[in-house]
Amino acid sequence: MFGQYLFTGTGTDVPLMEWLRKYTFPAECSFQDLEAARHRYLLLVKRFLANGTTTAMYYGSLHLQPNLVLVDSIERLGQRAVVGKVNMDRHSPDNYIENTADGLRDAEKFVTYTMGKKCSRIQPCITPRFIPTCTPELMKGLAEIAQKYGCHIQSHISECCGEVNCVREMHPEYASDAAVFEEMGLLTSRTVMAHGTLLTDDDIRHLARRGTAVSHCPLSNFFLGDAFFKVNHALSLGLKVGLGTDVAGGISPSMLSAQRMAVVNSRCIRAHKLAVSGGTTVTPEMEKDVITFKEALWLATVGGAQALDMADIVGTFEVGKEFDALLVDTNLSGTSGPFDVFEGEDDDQRFEKFINLGDDRNLIEVYVQGVCVKRGDEFLLDGSNVTKSAEEDSDRVMSAPTPAEPETAYVDLAHRADSSDEAASLDVGAAAEDGAPAPESESEPPTKRLRY
C-alpha cells in the first residue's frame, strides 16, 4: 500500500484494523495534495529501485489523480510495475470514501489512462482494498472492468483475526474470504492476494484452481497478522506464491529484508511445532516448512514472476526473456559495505553473504527491460542529479504537513453485541491480540455458500 510510504518504519504499535484508522487512511488521504504526491512518489520509486526492486506491484490510494501521478513517476524512472487505484465504498472515514458509481468510473479511467501510455513496463490493476471496505456491488463491478480490459486484480485475503472475523460478521452466508471473492468474480489467473495467513487448505486449493497467487509478506505478517504463512505447504497444494514487502505494514522496502524474514518465518513455524509437541526432537515433519535463502530468492524472483503472470518475460535469465538484473559488488572494503569478504571465500559464499547481509550499497547498477535505470547514486532516466533532487524532494516531503487524524465518527465494520466488538471493528480497531479468533455468532447460518 504505497500511499502508506509516508509513515514507513513507524506505526507499529496497534493491530491492523486500528492501524488503518490511525495511520493509513489519514496518510493516503493526504496524497490529494498533488504537489506532495509528486515528490513522495518519486522518492518511493527511487527507494525501491535503489533497493533493487525492478518490478513492483503497487497499491495506490483512493483518489484518481494521485494514482495517475504514481503511474507517471514509474514511467519517468523506468521501473516495471503493476499499479492499482484503491477502491472502497463502505465502512471508511467520511473524508476517505467513494460512492460505488464514482469508484467504478474512476477505476476504469485509471485503467484506460495507464493503458493509453502504451508503456510495456506498466500494467493497470483493479484494486478492491479488502472485503470489509467494499460492497458486493463494487466488487462485482470491478471484476467486470478487470475482465473487460484483461487487468490484474489485487486485494488482501484472510490476513488476521480482526479482518477474518469482520468478514464473518458482514457475510455470514460465505465460508471464508476466498468464497466471497469467488462469488464476486475476483479470483482469476491474474489475481494476487496479499497475506493469506488464515487461509484453509480448501481455500488454498480453490485459489490454485483459479490460478490466483498469494503474495507472502512475512515482515508485515509479524506486525499486523496473527499467523504464519506456510510457504512450502501452500506450494505443495499448487498455489502460486511470490514475495512482498507490504510497505508500510512491513517496515522495510527491501526485498532482501523480505527474503530474510521469509526464512525466519519458516523457522518460526518449525519452532512452534516443536513447542506444541512438548518434546525436544525436531522431526522430519517439522522440517517440511523450513525454507533456505535460495528458496527465498526463488520466491522473490521466479515466484514473483509467476504470481504476476509474467513468468514468460522475467524472473530468470533464460534466453528470450527481458533483461531485468542487478549488478552486485561484494568487494566493498571496510565499513563502506555491509559485510566483509575474506580470503578463500568462493562466489557461492559471497552470494550467500549478500543475500543475508547485503543492502543497497552493494547494488552498482539496476537494469529494467535491458536499460540501466540506476548507476551508483544516479537515476539515469530522471534527467537530473539524483543527490540534489533527492535532497530537495526530502525537504519538501518533510515540510509537508501531516494530516490531522479525522475527528469524524467511523462506522463499525461488523458490529457485535458482545465483547468481541473490538476484534471485528475498524472504529475500535483492536484485533484479538492473543491471536485467537473471536467466537462465532450464536445465529450462525445452517449452511455456508462455498461456491467452489
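These are my notebook entries on what I looked up in this structure, which is a predicted model.

**Entry 1. Salt bridges**

I began with the charged side chains. Side chains of opposite charge can pair when their charged atoms come close. For the structure, I noted 24 salt bridges.

I looked up Lys117 and found its side chain in a salt bridge with that of Asp72, at 2.9 Å from N to O. The two residues are 45 residues apart, and the pair links distant parts of the chain. Lys117 sits in the loop between helix H4 (100-116) and strand E3 (122-128), while Asp72 belongs to helix H3 (residues 64-77). I wrote down the accessibility of each partner. Lys117 is partly exposed at 24% relative accessibility, and Asp72 is partly exposed at 30%.

Next I checked Asp202, which forms a salt bridge with Arg205; their closest N and O atoms are 3.5 Å apart. Both residues are in helix H8 (residues 201-210). They are three residues apart, about one turn of the helix. Arg205 has 36% relative accessibility, so I put it down as partly exposed.

I then turned to Asp359 and Arg361. They form a salt bridge with the closest N and O atoms 2.7 Å apart. Arg361 counts as partly exposed, with 40% relative accessibility.

I also noted a network of salt bridges that links Lys46, Arg76 and Asp382.

**Entry 2. The loop between E7 and H11**

I went through the loop between strand E7 (240-243) and helix H11 (255-277), where I found Ala248. Which peptide bond here is cis? The bond that joins Val247 and Ala248 is cis, with omega about 5°.

Asp246 is in this loop too. Its phi is near 50°, a positive value in a residue other than glycine. Is Asp246 buried or exposed? I recorded a relative accessible area of 13% for Asp246, and because buried means under 20%, Asp246 is buried.

Ile251 also has its place in the loop between E7 and H11. With a relative accessible area of 34%, Ile251 is partly exposed. I found Ile251 again in a nonpolar surface patch, which it makes with Phe222, Phe223, Phe228 and Val264. The area of this patch is about 360 Å².

Asp309 is not a glycine, yet I noted a positive phi of about 60° for it. I located Asp309 in the loop between helix H13 (293-307) and E8. Asp309 has a relative accessible area of 38% and is partly exposed.

Asp346 is in the loop between strand E8 (325-328) and helix H14 (347-357). Which residues form a negative surface patch with Asp346? I listed Asp347, Asp348 and Glu352 as the others in the patch. The relative accessible area of Asp346 is 40%, which puts it among the partly exposed residues.

**Entry 3. Cysteines**

How many disulfides does the structure hold? I found zero. I looked at Cys161 as one case. The nearest cysteine sulfur to that of Cys161 belongs to Cys160 and is 6.7 Å away. A disulfide needs sulfur atoms within 2.5 Å, so Cys161 is in no disulfide. Cys161 is buried, with 3% relative accessibility. For Cys217 I also wrote down 3% relative accessibility, and it counts as buried.

Technical notes
Residues are numbered from 1 along each chain as its sequence is written. This is a predicted model: local features need pLDDT of at least 70, side-chain atom pairs count only at pLDDT 80 or more; totals for chains, interfaces and linings use all residues. Side-chain values use heavy atoms; hydrogens and water are left out. Patches are made of residues with over 30% relative accessible area and no salt bridge: like charges are joined within 9 Å, nonpolar side chains (Val, Leu, Ile, Met, Phe, Trp, Tyr) within 5 Å. Accessible areas come from the Shrake-Rupley method with a 1.4 Å probe; for residues, only the protein chains shown count as cover. A salt bridge is a side-chain nitrogen of Lys or Arg within 4 Å of a carboxyl oxygen of Asp or Glu. Lys and Arg count as positive and Asp and Glu as negative; His and the chain ends are not counted. The place of a charge is taken as NZ of Lys, CZ of Arg, CG of Asp or CD of Glu. Helices (H or I, at least four residues) and strands (E, at least two) are DSSP runs, numbered from the N terminus. Buried means under 20% relative accessible area, exposed over 50%, partly exposed in between (1.4 Å probe, protein chains only).
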